[in-house]
Amino acid sequence: MKNLDFMLKKQRRTANIDISPLLDMVFILLIFFIVTSTFTRETGVEVSKPQAQSASQLEKENILIAITREGTIHINERQVDMAGLRDVLADILVKNSDREAVLISDKATMTGTLVQVIDVCNIAGVKKVSVAALSQ
């Protein structure tokens with residue numbers, strides 16, 4: 001009878017699997033993918049760019065400013081007005097004065113708004129302002 005009780009107790013034991021090494025590996029892989037991935041900065045709005053035959057690819061990291069067809073201005077994924085744009089540009093240029101601005105304007109945007117944004121960029125101290133277009 002004692003042998004039977006001993007065998008029943010032995011069978012009731014459950015196998016435990018230690019998952020801490022698995023969690024360590026998951027976190028190491030997660031850190032690896034975060035560190036090695038590249039992040040692109042976007043404007044936060046979708047615009048329909050006009051086409052141009054002379055469009056070319058820019059290589060440097062630029063300040064992206066979007067102007068929607070309604071005339072709203074977006075930089076760093078937030079909407080700003082002209083005064084706010086000037087302040088944001090001044091903050092960015094304090095860190096790196098060689099950055100160029102790229103205006104991503106919808107093809108239905110009023111030309112006056114585009115000219116005002118170019119003017120604010122020049123007043124803020126941006127050395128080069130470009131307008132984004134799709135290449136044909």
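Before the first stop, one term: a strand here is a DSSP run of at least two residues marked E, and strands are numbered from the N terminus. With that in hand, select strand E3, residues 73–75, and you'll find histidine 74 in it. Keep in mind as you go that this is a predicted model.

**Zoom out for a moment**

Show the whole chain as a cartoon. Trace them along the sequence and the order reads α-α-β-β-β-β-α-β-α-β-β. The chain has 136 residues, and 26% of them count as buried. Now think about contacts between residues with a separation of 6 or more: 70% of these are made by residues 24 or more positions apart.

The accessible area comes to about 10,500 Å², and carbon and sulfur atoms own 56% of it.

**Stop 1: a nonpolar patch**

Select Ile17, Ile19, Leu22, Leu23, Val26, Phe27, Leu30 and Ile34. Together they form a nonpolar patch on the surface, with about 820 Å² of accessible area. One of them, isoleucine 34, sits in helix H2, which covers residues 20–36.

**Stop 2**

Now pick residues 63–67, which make up strand E2. How many of its five residues are buried? Four of them are, so call this strand mostly covered.

E2 and E5 run parallel, joined by five bridges.

Opposite it in E5 stands serine 105, and its bridge partner in E3 is isoleucine 73. While your strands are on display, here's a handy rule: in a regular strand, side chains alternate between the two faces of the sheet.

**Stop 3**

Is histidine 74 buried or exposed? Its relative accessibility is 10%, and buried means under 20%, so histidine 74 counts as buried. Show its side chain along with that of threonine 72, and you'll see a polar contact of 3.1 Å joining the two.

**Stop 4: across to threonine 113**

Jump to helix H4, where threonine 113 lies. Threonine 113 is buried too, with a relative accessible area of 15%. Try the distance tool from C-alpha to C-alpha: threonine 113 and threonine 72 are 8.9 Å apart in space, though 41 residues separate them in sequence. Which residues does threonine 113 touch, leaving aside neighbours within four places in sequence? Look for Ile67, Gly71 and Met82.

**Stop 5: the salt bridge**

A search of the whole structure turns up one salt bridge. To find it, select arginine 69 and aspartate 106; their closest N and O atoms are 3.7 Å apart. The pair links distant parts of the chain, 37 residues apart: arginine 69 is in the loop between E2 and E3, and aspartate 106 is in the loop between E5 and H4. As a general point, side chains of opposite charge can pair when their charged atoms come close.

Definitions and conventions. Residues are numbered from 1 along each chain as its sequence is written. This is a predicted model: local features need pLDDT of at least 70, side-chain atom pairs count only at pLDDT 80 or more; totals for chains, interfaces and linings use all residues. Side-chain values use heavy atoms; hydrogens and water are left out. Helices (H or I, at least four residues) and strands (E, at least two) are DSSP runs, numbered from the N terminus. Buried means under 20% relative accessible area, exposed over 50%, partly exposed in between (1.4 Å probe, protein chains only). Contact means heavy atoms within 4.5 Å. Accessible areas come from the Shrake-Rupley method with a 1.4 Å probe; for residues, only the protein chains shown count as cover. Patches are made of residues with over 30% relative accessible area and no salt bridge: like charges are joined within 9 Å, nonpolar side chains (Val, Leu, Ile, Met, Phe, Trp, Tyr) within 5 Å. A salt bridge is a side-chain nitrogen of Lys or Arg within 4 Å of a carboxyl oxygen of Asp or Glu. A polar contact is a pair of N or O atoms within 3.5 Å; within protein, one must be able to donate a hydrogen and the other to accept it, and residues adjacent in sequence count only if both atoms are side-chain atoms. Two strands pair if DSSP finds at least two bridges between them.
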